[in-house]
Amino acid sequence: MISHQGDREAILGRVKEALREPAPLKHPAERSAGGEPTTAHFREWLPPVGAAIEERLDLFRKLSETLRSELIACASVREAAAEIASLASAGGWKTLALHQGELVDALLPLLPASLTILPLQSGYDKDQLEACDAGLTECDLLVAQTGSVCVTSKNSGGRVLSVLPPHHIVIARTGQLVTDLTEAYQSLAAKYRDGYPSMISFITGPSRTGDIERILVLGAHGPKRLTILLLP
Amino acid sequence: MNTLAEPPSQQFHSDANRSSTDAPRRAAVRRALSNYQTARNRTGATFTDWKSARASAATIKHEALNHLDRYLEEFEQKFTARGGQVYWASDSKQARDYILELAKKNNVRAIVKSKAMTGEEIHLNQALLAEGYGVVESDLGEYIQQLKGEPPYHFVFPCMHLRRDEISDLFHRELGTAKTDNPEELTMIARRVLRRAYVEADMGISGGNFIVADTGMISITENEGNARLTVGLPKIHVALIGIEKVVPRLADLALFLPMLATAGTGQHMTGYNSMYGGPRQTGEIDGPEEFHVVFLDNHRTRLLADPEQRDALHCIRCGACLNVCPIFKNIGGHSYGTTYQGPIGSVITPHFRGLEDWKHLSGASSLCGACTETCPVGIDIHHHLLHNRRNAAAQKPAKGEQLLWKAFSFLMKRPSLYRFAMKFAPLGGLLHPLVQGTPMDPVAGWTGSRDFPAAPLGSFRERFRAHNAAKQSAAHTGGAR
Amino acid sequence: MRVTLFIPCFIDSLYPNVGMSMVHVLERLGHTVEFPEEQTCCGQPPFNSGYWDEARSVASKQIDVFKDAEVVISGSGSCGAMFKVFYPELFHGHAREVDAKALSSKTWEFSEFLVTKLGVADLGARFEGRATFHDGCHGLRELGTKQAPRELLKHVKGLDLVEMTEAETCCGFGGTFAVKYPQISTAMAEVKCNSICETKADYVISNDSSCLMQIGGWLNRNVGSVKCLHLAEVLASR
Ligand code: SF4
């Protein structure tokens, strides 16, 4: 319920009044026939991505490297589970938090028994999640142009599973890789015609900061590492 | 820094003069920015056509600002349909009071904040602390500045002026941690403190980079993930955003996110770009129960009402104009005494806080135009500095200065008088008595630190006349022969 | 071609050699050089200070002076930018807007005129020494002049041209800014000049005398060894 809206009418009134005189457009972009600037137009001016899937994959791989994301191609769910097991033993993990989903559900029975699993079904204890060693999520999309992983509150275990544990593992299929951000938004629009999740987030590399002398440090808050397990 | 009794222009003069002779600090700032330009050029070059992309961004922002009422209403309608609440604040006080009221109503004890320049603008932290709420800034740079008790130095890189040893000393003093000169260790110290803050907070306050009209979302760009946590864990989320931050369509972000990253830090994409379209929805396992968007006017409509400078509201706060500004690099962010530093701050602050008090910022520029060249949304920043100067002179001409320019134009419109003057006194010498002993005195201003060129023998026009005469007589003798 | 020189007030009185060098270069190329004696100042000082009425009355005078010129060549990127970029803005919505635009469209910065308009790069100049080039901000960003002066200097025999890291950084002159904010202006000059000195150049060359006044003023006071030259002076020497 809207309790009160503050100065809604006054502000809108001032805005309308202010806009009575139009402002010149000093740096016009090309316009479509309808007179509206087209969103399709900027797409071709952004960093180009090859059309073929191999080119997209190559770019995604290259960007992951620059971003210090770890991209691991896995031939099967079993192989992906083995990767997680070796990360777990190398990192001395005790707890792994995860959510339900087609790929995660397939992985779950294959994970090492020594690992305590914290499933985020209908809620969680914040302290418990904070203490986890890693978070495993699915994603909605991967974006070749930017090397990003697109997660949503609907398909990636809510808002914080992908950002609170110190190591974020994403399990994805190659088919989820789209060319660019424009395609990503198109695909999200089609998928969520009946309502978007409350959060859509493009994750581009592990958490980072340059706040101290502009020197790059990974893991400012959440994931110091981001591992992407890519299934065919 | 902010001595209250001093008028802003005097404070600026003394701070700028002091900091522009502070060689170590200037060097630290230049060092911090040294990799920026290279990274930015490299990333910019990956665009097929940066200039066209920029024109598109300008066009989309122009469209958004010139139909601002329509897009704000569209946002509101979409956002409230999903359970969000919109509050419209005319000024700082109204925004602060609303947030305080929310905190009180919900028995909030601890608040975590992610970077929001609007929060700085309305002095939100001070208001919350005065009412007894604990507030922790979660962006590393902001956290450091909060501990230091200083406003941000740069609206994108809040503590870029500090060296690691200063941060280490600060942590040692405030948190009791061991000293270290390793940036990674320093970051981990803050990480430990801040992770607790997210878990314990019951209210998260953020800013917002974009208001997306067609889907009713706000978009937040960050590298650290602190905003993700700030708006993910606490049960109430408040986003305080200036009304100008609109883009019409979600799909427009496909342009703005890469441009913001490229111009801001030289990254091709910032670490986390997140769009939030309401509180926790049915079927979702977490997220805030309440999500309030506070639209802040605070004189933005005053700038909007000026068609000549309306495009200054296109700003996406990437900070690029600061990073390339030679004034910023030499006087530093604190000298400005404003929430928004650097060239864009000098353009907009007079609109937000009064031309008479803040016109000096527009004067303190060599008009080199590096800001305009770099701006990803095509704002003619340095031309707006000229507009501010013109408006200030029209509103309240400085008596001595106006007299000077009247005399100047009187002279320059009369070539014979000008020639006469130039013959008997160099230009400066003629006008000098008008300003001698005043702060406008150019001779003192110049010769304090620089030499004046030696007066040549004869002006150009004299030499050109002689040259032509010589040519003619040569032609004459040549012809007679 | 009949070319009309616009020699800004401070070049007239302080750097006559720059103007004469332009005359020599243009005459050697076979052009007729004119200098209307009625010209004074482009009006930039009052314009930049916000006194646009005063600036307009000075500017209006210059519009008259150059009315019959075929092309107008400026030896200062800054004053050239005033004609080319700022006059149309200054007269926007005023009676003489059309005249201002006409002057704007026939105005050329010296190096751009040689390279782009005339298509010459080699002027047969000879100049011995190591030099670095300073891009004046107005020439660079208002007029978009970057390659032309380098193109010309590349063809000067004996000249060793080295780029400095801060070539595009403002020298801190900025007209009245230099005397209204001397400390900031000087700090900027220092950054610029340190970059010049790093190149170990004997000369710093620019297409803008106002920048050179600032750079030279600082160098003279603090370094002493590096000399300032206008592009035209280098191109005129043989
Ligand atoms: S004015 Fe332009 S360059 Fe400066 S912060 Fe805003 S968008 Fe960035």
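Among contacts in chain B between residues at least 6 apart in sequence, what percentage join residues at least 24 apart? In this predicted model, the figure for chain B is 74%.

**Chain B overall**
- Chain B contains 24 helices and 10 strands.
- The C-alpha trace of chain B extends over about 105 × 50 × 45 Å along its principal axes.
- Chain B has 481 residues, of which 65% count as buried.

**The sheet of chains A and B**
- Strand β9 of chain A (residues 199–203) pairs with strand β9 of chain B (residues 272–276) through five bridges, in the antiparallel sense.
- Within this pairing, A:Phe202 has B:Asn273 of β9(B) as its bridge partner.

**Packing of α7 and α9 in chain C**
- Helix α7 (residues 110–117) of chain C packs against helix α9 (residues 147–154) of chain C at an angle of about 75°, and the two axes are 8 Å apart.
- The helices α7(C) and α9(C) are therefore roughly perpendicular to each other.
- From α7(C), the contact involves C:Ser111, C:Glu112, C:Leu114 and C:Val115, while α9(C) contributes C:Ala148, C:Pro149, C:Glu151 and C:Leu152.
- Classified by residue type, the contact of α7(C) with α9(C) comprises five nonpolar, one polar and two charged residues.

**Helix α11 of chain C**
- Helix α11 of chain C (residues 182–198) has 17 residues, and the distance from its first C-alpha to its last is 24 Å, close to the 24 Å expected at 1.5 Å a residue.
- Because 12 of its 17 residues are buried, α11(C) is largely enclosed by the rest of the structure.
- The buried residues of α11(C) include C:Pro182, C:Ile184, C:Met188, C:Val191, C:Lys192, C:Cys193 and C:Ile196.
- After α11(C) comes C:Lys200, which has a positive phi, near 60°.

**A:Gln186**
- A:Gln186 is located in helix α7 (residues 181–191) of chain A.
- With a relative accessibility of 46%, A:Gln186 counts as partly exposed.

How values were computed. Residues are numbered from 1 along each chain as its sequence is written. Chains are lettered from A and ligands numbered from 1 in the order in which they are written. This is a predicted model: local features need pLDDT of at least 70, side-chain atom pairs count only at pLDDT 80 or more; totals for chains, interfaces and linings use all residues. Side-chain values use heavy atoms; hydrogens and water are left out. Axes are lines fitted to C-alpha atoms, for helices over the stretch in contact, and angles run from 0 to 180 degrees between N-to-C directions. Helices (H or I, at least four residues) and strands (E, at least two) are DSSP runs, numbered from the N terminus. Angles under 35 degrees count as roughly parallel, over 145 as roughly antiparallel, 65 to 115 as roughly perpendicular and the rest as oblique. Contact means heavy atoms within 4.5 Å. Ala, Val, Leu, Ile, Met, Phe, Trp, Tyr, Cys and Pro count as nonpolar, Asp, Glu, Lys and Arg as charged, and the others, Gly among them, as polar. Two strands pair if DSSP finds at least two bridges between them. The expected span of a helix is 1.5 Å times one less than its number of residues. Buried means under 20% relative accessible area, exposed over 50%, partly exposed in between (1.4 Å probe, protein chains only).
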